[in-house]
Amino acid sequence: MPRGFFITFEGLDGSGKSTQIRSLAEWLENLHEGPGAPWTRGTKNSGPAPVLTRQPGGTAAGDRIRALMLDSRSAGLAPKTELALMFADRAQAIAEVIQPALDQGRIVLCDRFTDSTEAYQGGGRELGSEIVLELHRLICGDLQPDLTLMLLPPLESSLARARRRNERSLAQTGRDEGRFEREHDEFHLRVWEKYREIAVREPARVTLIEGDLGIDEVHDRVVAAVAKLVA
Ligand code: TMP
């Protein structure tokens, strides 16, 4: 059985990743079966749908790491603690979700992967890229996304959106999961710059979608990149 496709989404909080992942999953599910298109469902409800997952989270242990990471009560976490937690989460996700799905020939759509660690802990927390890439090599081996959709709308609009969403969720659930949204603007600028650096370094893997684009336009670009990959 040929290995499936591993597609990741990256970007700042509030960049619209979740919306785009959902609409890409729907697009993949509605594709008509054709020769050489083993990733499709064919007609609806036949064949495997793409597997959707996210980091941190996506497994029982990962969800607990996610809660610890995002809770604003975890304010004292040292940068290297965050780094280690992210790779602990990733190791579990690879073992439990990602690798088994790829081995079954499925498409995996993952909301964040190692680029997030490089951008947030390497860039934002200033640990640098090297330690992140070395840990990736040790823990994830040669597992790399076949395609990364990197959504980089202007920094201000992403941040405003993420902070609004966090306030809404705090009001609704009483849980404050905005530890990263609360970081100062220079932190987010460093994350943003590290993302761009990754895109420039790895143009064959990363499709960079920049600027203040509408949801449909971003979707069209996402679909164009995915169609090229799986064709
Ligand atoms: P999100 O999944 O809702 O986008 O939020 C996850 C948060 O965790 C986001 O602020 C980025 C942060 N994060 C890291 O700092 N490092 C990582 O490696 C990952 C996967 C996420």
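Which helix lies across E1, strand E4 and E5?

What we have here is a predicted model, where local features need pLDDT of at least 70 and side-chain atom pairs count only at pLDDT 80 or more, while totals for chains, interfaces and linings use all residues. Residues are numbered from 1 along each chain as its sequence is written, and side-chain values use heavy atoms, leaving out hydrogens and water.

Let's begin with the whole chain. There are eight helices and five strands; these are DSSP runs numbered from the N terminus, with helices being H or I of at least four residues and strands E of at least two. From the N terminus, the order reads β-α-β-α-α-β-α-α-β-α-α-β-α. The radius of gyration is 17 Å, close to the 17 Å that the globule rule gives for 231 residues, so the chain is as compact as a globular protein of that length. That radius is taken over C-alpha atoms, and the rule is 2.2 Å times the number of residues to the power 0.38.

Now the sheet. Strands of a sheet pair through backbone hydrogen bonds, either parallel or antiparallel. Ours is an open sheet of five strands in the order E2-E3-E1-E4-E5, with parallel pairing; two strands count as paired if DSSP finds at least two bridges between them. At the edges sit E2 (51-54) and E5 (206-210), each pairing on one side only. Four bridges join E1 (residues 6-11) to E3 (residues 108-111), and Phe9 stands opposite Asp111 in E3.

Back to my opening question: the answer is helix H8 (residues 215-230), which runs at about 165 degrees to E4 (147-152). Lying across rests on contact, meaning heavy atoms within 4.5 Å. Axes are lines fitted to C-alpha atoms, for helices over the stretch in contact, and angles run from 0 to 180 degrees between N-to-C directions.

Next, the ligand. It is surrounded by 14 residues, and Asp13, Arg66, Arg112, Thr117 and Gln121 are the closest; a residue counts if one of its heavy atoms lies within 4 Å. Ligand oxygen atoms are 2.8 Å from a side-chain N or O atom of Asp13 and 2.6 Å from one of Thr117. Both are polar contacts, pairs of N or O atoms within 3.5 Å.

Finally, two loops to look at. Arg112 is in the loop between E3 and helix H4 (114-124), and its phi is positive, near 85 degrees. Pro56 is in the loop between E2 and helix H2 (60-70), and the peptide bond from Gln55 to Pro56 is cis.

Technical notes. Polar contact = N/O pair within 3.5 Å; in protein donor to acceptor, adjacent residues only side chain to side chain.
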